[in-house]
Structures are given as C-alpha cells and as structure tokens.
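Here are my notes for anyone opening this one for the first time.

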2 protein chains.
Amino acid sequence: MAKLKNLVFYLRVKKLTISSAESVSGGYLSYLLTKTPGSSKVFRGGLIVYSPQSKNKLLRIPNQLLNKTQGVSENISILLAKRTKQFFKTDLAVSLVGFASTPAQKDIKVGTVFMAVADRKGAITKKIIIKGNRDYVRKKASISAIELICKRIATPR
Amino acid sequence: MAKLKNLVFYLRVKKLTISSAESVSGGYLSYLLTKTPGSSKVFRGGLIVYSPQSKNKLLRIPNQLLNKTQGVSENISILLAKRTKQFFKTDLAVSLVGFASTPAQKDIKVGTVFMAVADRKGAITKKIIIKGNRDYVRKKASISAIELICKRIATPR
C-alpha cells in the first residue's frame with residue numbers, strides 16, 4: 001500500500017500529527033496507520049470505541065444519538081473525528097463506524113460504513129457500502145479511511 | 001485461529017467482558033479480539049497508547065517510568081492492563097508493549113515485547129523476543145497476547 005507510506009512520510013515532513021477513533025474495524029485502521037516505521041512521530045494514539053458505552057464515555061457522543069442509530073451514522077462519524085482530534089490534541093483525526101455483520105437498523109445494509117477526517121478547518125465524511133464478508137468489510141473500510149485522509153491533506157484550503 | 005473463536009465463545013458464555021491497551025501492535029490485538037462475530041458482546045473498547053503522552057494521559061503511567069524505559073517494561077504492561085480494566089470497567093484487560101523496530105534502550109533487543117492480562121485477582125505477564133520484521137513482530141505479539149488471555153482464563157483460581 002504505497003499510499004500509506006507516502007501519507008506517513010508526508011505527515012512527518014509537514015510535522016502533522018494524527019489520531020483515530022474506530023468501532024467497526026476494531027483496531028485495523030490504527031494498525032495500518034502505525035504499519036510504517038517512523039509512524040510513532042505522527043500517530044499519537046487511538047480509541048477503539050466498540051461499544052456505545054465507550055463512544056459515550058470517551059468522546060461524549062450523546063446516548064440519544066447512539067440509541068437511535070446503534071452508533072452508526074454520518075453525524076456520529078463527524079463527532080468522533082472532531083472529538084478525537086481534541087482528545088489527543090492532534091492536527092488531524094480519523095474516525096470509522098459501520099456494520100460488518102448484521103445491523104439492527106432496518107433501513108441500513110450490512111457493509112455500510114461512515115468515516116470522517118477532521119482538521120482545524122472542519123471535517124469531511126464519506127459513506128460507502130462494502131460487499132464481502134466481515135473481515136473484508138473491516139479491512140476495506142480501513143483502507144478507504146486512509147484514502148480519505150490522503151484526500152483531505154491533498155486538498156488546498 | 002481456532003483459539004480466538006473459542007476465547008470469544010467462552011467469554012460470551014461466562015458473561016465476561018474484556019478491554020485492551022496496546023502500543024507496539026498499534027491496534028492489531030484489538031482487531032483480533034473483534035474478528036469473531038459476537039465479539040461486541042464481550043469486547044468493550046481499546047486504547048492505542050502509542051505515544052508516551054497517551055500512556056500518561058489516558059492511563060496515568062508516571063512520566064518518570066516512561067522516560068526510563070520508553071514505555072516498554074514488564075511493570076508498565078502490568079499497570080496498563082490493570083488500569084485499562086478499571087477504565088472500561090471490564091472483567092479482564094490485556095496489554096501489549098514492545099519494540100518492533102529500533103529500540104533506544106541499549107540493553108533491550110528489537111522484537112522484545114511485554115504483555116499482561118489483568119482480572120479481579122491480579123495480573124499475569126509474559127515477555128517474549130520475536131525474531132522477524134516489523135509486521136511479523138506486531139502480529140506474532142498480538143497472537144501471543146491472545147494465548148496469554150486463554151491461559152489466564154483456563155487457570156482455576
């Protein structure tokens with residue numbers, strides 16, 4: 001994954017730091033972000049907010065919002081990214097939520113993931129629906145989140 | 001990895017919850033713990049305490065201890081596991097620290113990892129030295145931590 005090495009290299013050169021919050025991927029996104037030697041210079045830390053309780057306790061996502069969507073929505077991905085950025089005091093933060101297996105929401109498909117990247121100017125989000133088994137959804141979603149970070153830092157603001 | 005499925009199944013049946021704190025593996029250990037469908041019933045959350053700052057801020061590991069060992073020691077692995085257990089209010093917690101690439105400590109080899117599992121009775125730890133490249137060290141260490149959890153819950157106390 002050439003993009004990943006380039007991303008870590010770019011962040012190092014620009015002296016930018018990053019942090020993460022993920023549920024559906026369970027740590028795989030952070031594993032990717034720390035795969036490259038030298039990533040300790042840019043990656044400050046990550047939160048695996050796998051349960052609604054952890055989303056609420058660690059990042060103050062309102063329970064009302066969590067109950068309505070089981071923690072999976074565009075809005076929640078944005079809140080997670082913004083608050084993770086504050087939590088770790090980093091320049092950027094990435095978040096990833098979704099359903100890798102059965103969702104309890106009737107109007108949402110298995111494989112639906114929402115991701116967001118926050119920086120000092122705000123946040124961008126992406127929704128994708130990934131076809132495949134549980135492990136494929138988790139890995140593909142993580143790679144997609146890396147691509148969203150690359151997109152965000154490549155966009156002049 | 002049959003052990004992993006058995007572990008999640010066992011924890012579900014026994015209604016036991018688990019959480020994690022990892023640095024060297026960067027999320028891979030938590031990714032494994034959440035790989036099996038149904039893991040959301042047992043895995044509450046994880047912390048990727050990749051930087052000394054995050055170990056100090058999230059789990060109150062004293063800076064003096066961190067500076068002396070770069071965050072890699074048996075003692076730190078025990079503290080991380082015990083405090084993660086408190087942090088997420090889970091029955092068990094697992095921690096993993098180590099050096100996947102160059103360590104700055106002169107008396108410690110690349111591939112050295114310390115892991116710990118805490119429960120209400122205390123904690124057990126393990127130190128191993130893994131030979132291989134960065135990615136292999138991270139993955140092998142994570143699998144080893146899973147085995148330590150299995151060992152802990154299989155030991156009658």
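This is a predicted model: local features need pLDDT of at least 70, side-chain atom pairs count only at pLDDT 80 or more; totals for chains, interfaces and linings use all residues.

1. Start with how the chains are related.

2. Next, the interface. Here 25 residues of chain A are in contact with 25 residues of chain B. On the chain A side, at least two residues each come from helix 2 (28–33), strand 2 (43–48), helix 3 (52–59) and helix 6. Strand 2 of chain A gives the largest share of that side, six residues. Sorted by class, the side of chain A that touches chain B has 10 nonpolar, 11 polar and four charged residues.

3. Do the copies meet through the same surface or through different ones? They meet through the same surface, because 100% of the interface residues of chain A are also interface residues in chain B.

4. Now zoom in on strand 2. Strand 2 of chain A and strand 2 of chain B (residues 43–48) pair in the antiparallel sense, over three bridges.

5. An open sheet is formed by 10 strands, with mixed pairing, and the order is 5(A)-4(A)-3(A)-1(A)-2(A)-2(B)-1(B)-3(B)-4(B)-5(B). At the edges you'll find strand 5 (122–129) of chain A and strand 5 (122–129) of chain B, each of which pairs on one side only. Ignoring direction, neighbouring strands of this sheet are turned by 10° against each other on average.

6. For a look at one end of the sheet, follow strand 4 (residues 112–119) of chain A, which runs antiparallel to strand 5 of chain A and is joined to that strand by eight bridges. One pair to pick out is Val117(A), whose bridge partner in strand 5 of chain A is Ile124(A).

7. Something also sits on the sheet: helix 5 (residues 74–88) of chain B packs on it, touching strand 1 (18–22), strand 2, strand 3 (92–98), strand 4 (112–119) and strand 5 of chain B. The direction of this helix makes about 145° with that of strand 3 of chain B.

8. Then there is a helix pair in chain A. Helix 1 (residues 2–13) and helix 6 (residues 134–154) of chain A pack with their axes 10 Å apart, at an angle of about 45°. Helix 1 and helix 6 of chain A are therefore oblique to each other, and their crossing is left-handed. Helix 1 of chain A brings Lys3(A), Leu4(A), Leu7(A) and Tyr10(A) to the contact, while helix 6 of chain A brings Ile146(A), Glu147(A), Ile149(A), Cys150(A) and Ile153(A). By class, that contact has seven nonpolar, no polar and two charged residues.

9. Finally, check the pair in chain B. The axes of helix 1 (residues 2–13) and helix 6 (residues 134–154) of chain B come within 10 Å and cross at roughly 45°, which makes the two helices oblique. The crossing of helix 1 and helix 6 of chain B is left-handed. Among the residues making the contact are Leu7(B) of helix 1 of chain B and Ile149(B) of helix 6 of chain B. The contact residues divide into seven nonpolar, no polar and two charged.

Definitions and conventions:
Residues are numbered from 1 along each chain as its sequence is written. Chains are lettered from A and ligands numbered from 1 in the order in which they are written. Axes are lines fitted to C-alpha atoms, for helices over the stretch in contact, and angles run from 0 to 180 degrees between N-to-C directions. Helices (H or I, at least four residues) and strands (E, at least two) are DSSP runs, numbered from the N terminus. Angles under 35 degrees count as roughly parallel, over 145 as roughly antiparallel, 65 to 115 as roughly perpendicular and the rest as oblique. A crossing is left-handed if the near helix is turned anticlockwise from the far one by less than a right angle, and right-handed if clockwise. Two residues are in contact if their C-beta atoms, placed from the backbone, lie within 7 Å. Ala, Val, Leu, Ile, Met, Phe, Trp, Tyr, Cys and Pro count as nonpolar, Asp, Glu, Lys and Arg as charged, and the others, Gly among them, as polar. Two strands pair if DSSP finds at least two bridges between them.
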